[in-house]
Amino acid sequence: MVISKKVKNALQGASWVRRMFEEGEELKRLHGADNVFDFSLGNPNLEPPASLKNALKALADCPIPGMHRYMPNCGYSETRTAIAEYLAEESGLPFKEKHVVMTVGAAGGLNVIFKSILDEGDEVIVPSPYFMEFKFYIENSGGQIRLVQTHEDFSLDLKEIEKAIHEKTKAVLVNSPNNPTGVVYDDASLKKLGELLKKKSKELGKNLYLISDEAYRRIVFDGIKLPIMFNTYPHTIRVTSHSKDLSLPGERIGYVAVSPLCEEADDLIAAIVFANRVLGFVNAPALMQRLVAPLQKNSVNVRIYEEKRDLFYDALKAYGYDVVKPQGAFYFFPKAPIEDDVAFVKELQAKRILTVPGTGFGKPGYFRIAYAVDKKVIEGSLLGFKEVAMKYGIGRR
Ligand SMILES: Cc1ncc(COP(=O)(O)O)c(C=O)c1O
């Protein structure tokens, strides 16, 4: 045996998202890419804003001396300052450069947070369904994931969270807008979560952390304003990236921001910077740090995702699918008409439609549709969705 038992086990439970994506590649080879409707991967299909491309060109034409060299592990001062100013304006809190650490995407950000706060056996509470990579990231640092169920509409079940908190709990991780459900947590439930964490921190004699994964923060619909988590609880850490809002997932640029109200902010930030170094990220990509600094208020045209949501949601409802209307991100998480979500996903696959079983997100009986794809892929898939709905007797027309 050449690989570790831990990794071997992880590989055996291989990611459903990747598995479906790979099966899709095979289908595309057999039937041609235009005849396969691939909703397996949350890979933004919009191009980054023109302003980013122009800035990239300008930088290539007039390079800044030393711009490819090593830098402080926390990232460039100008970028961190620009983000701190944005966060201060958004939250009304005194964010400074020191509160922001540039990371290799949100994935890198989550890993440096867990490395910074977890001792062997410490627990992180995660509402389920959830983004499966969380489990691996927590385990990378010796921690354990503790799942709690959400309500039927995927909103937070605070009673379940309260029951799950105990001496080993280090943090609660929430993700809104959510992958895989697209649900956005409302102000009231987040305020209650903040109150609960304050109460429990007092009882336990330590500050629990609230980790807020806001990878989809700017992908929201229906004119809603996303609550500011920093204003609900002092020991909040935001992790986010420009993978989705600026359509840059391949460039691996994100950041972690620690609330200025966090009592242990200085120690925590020092630990995060150290973790960035020793996990081998060293620092976030240099070129991207320069390019995203002035774009903190920019994003791709979110209306395009909203139009796709509307088109797809109306059709799925008309065919009889039981689906919560998402207000953010680019996912649907409908109930499968049969108990066996893996079998149901196979039915869709027979129509050359690729989705991911809910089992891959800790919620059997459901399936995920990632709709950051061209409109014609959605339109091309609708007949297949309808036929499968008819087959299982949920179809209305
Ligand atoms: C909920 C959530 N968090 C984090 C990530 C990782 O994002 P990044 O590309 O910034 O590493 C993703 C990616 O899909 C995600 O869905």
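Reader: In which loop is the place of Ser247?

Author: This is a predicted model, in which local features need pLDDT of at least 70 and side-chain atom pairs count only at pLDDT 80 or more, while totals for chains, interfaces and linings use all residues. Residues are numbered from 1 along each chain as its sequence is written, and side-chain values use heavy atoms, with hydrogens and water left out. Helices (H or I, at least four residues) and strands (E, at least two) are DSSP runs numbered from the N terminus. In those terms, Ser247 has its place in the loop between β7 (236–241) and β8 (254–258).

Reader: What is the phi of Ser247, which is not a glycine?

Author: Ser247 sits in the loop between β7 and β8. Although Ser247 is not a glycine, its phi is positive, at about 55°.

Reader: Which loop holds Pro177, and what is omega for the cis peptide bond that joins Ser176 and Pro177?

Author: Pro177 lies in the loop between β5 (169–175) and α8 (187–204). The bond joining Ser176 and Pro177 is cis, with an omega of about -10°.

Reader: What is omega for the cis peptide bond that joins Ser128 and Pro129?

Author: Pro129 belongs to the loop between β3 (123–128) and α6. The cis peptide bond there joins Ser128 to Pro129, and its omega is about 5°.

Reader: At what angle do the axes of α5 and α6 cross, and is the crossing left-handed or right-handed?

Author: An axis is a line fitted to C-alpha atoms, for helices over the stretch in contact, and angles run from 0 to 180 degrees between N-to-C directions. The axes of α5 and α6 come within 8 Å and cross at roughly 40°. A crossing is left-handed if the near helix is turned anticlockwise from the far one by less than a right angle, and right-handed if clockwise. For α5 and α6 the crossing is right-handed.

Reader: How are the axes of α11 and α13 arranged, and which residues of α13 meet α11?

Author: The axes of helix α11 (residues 302–318) and helix α13 (residues 375–391) come within 11 Å and cross at roughly 5°. In the contact (heavy atoms within 4.5 Å), Lys308, Leu311, Phe312, Ala315 and Leu316 of α11 meet, in α13, Lys375, Ile378, Glu379, Ser381, Leu382 and Phe385.

Reader: What is the volume of the largest pocket?

Author: On a 1 Å grid over the protein atoms alone, a cavity is a set of points where a 1.4 Å probe fits but cannot get out, and a pocket is an open set with protein on both sides within 12 Å along at least five of seven lines, lining residues having an atom within 4 Å of a point. Grid points are joined across faces, edges and corners, and a volume is the space filled by probe spheres set on the points. For the largest pocket this volume is about 1,200 Å³.

Reader: Which helix gives the most to the lining of the largest pocket?

Author: The lining has 42 residues, of which Ser15, Phe131, Met132, Glu133 and Tyr137 lie nearest the centre of the pocket. At least two residues each come from α1 (5–12), α2, α5 (105–117) and α6 (133–140). With seven residues, the helix that gives the most is α6.

Reader: How much space lies in the largest cavity?

Author: The structure holds three cavities of 30 Å³ or more. Among the residues lining the largest one are Tyr86, Glu214, Arg238 and His242. The space in this largest cavity is about 70 Å³.
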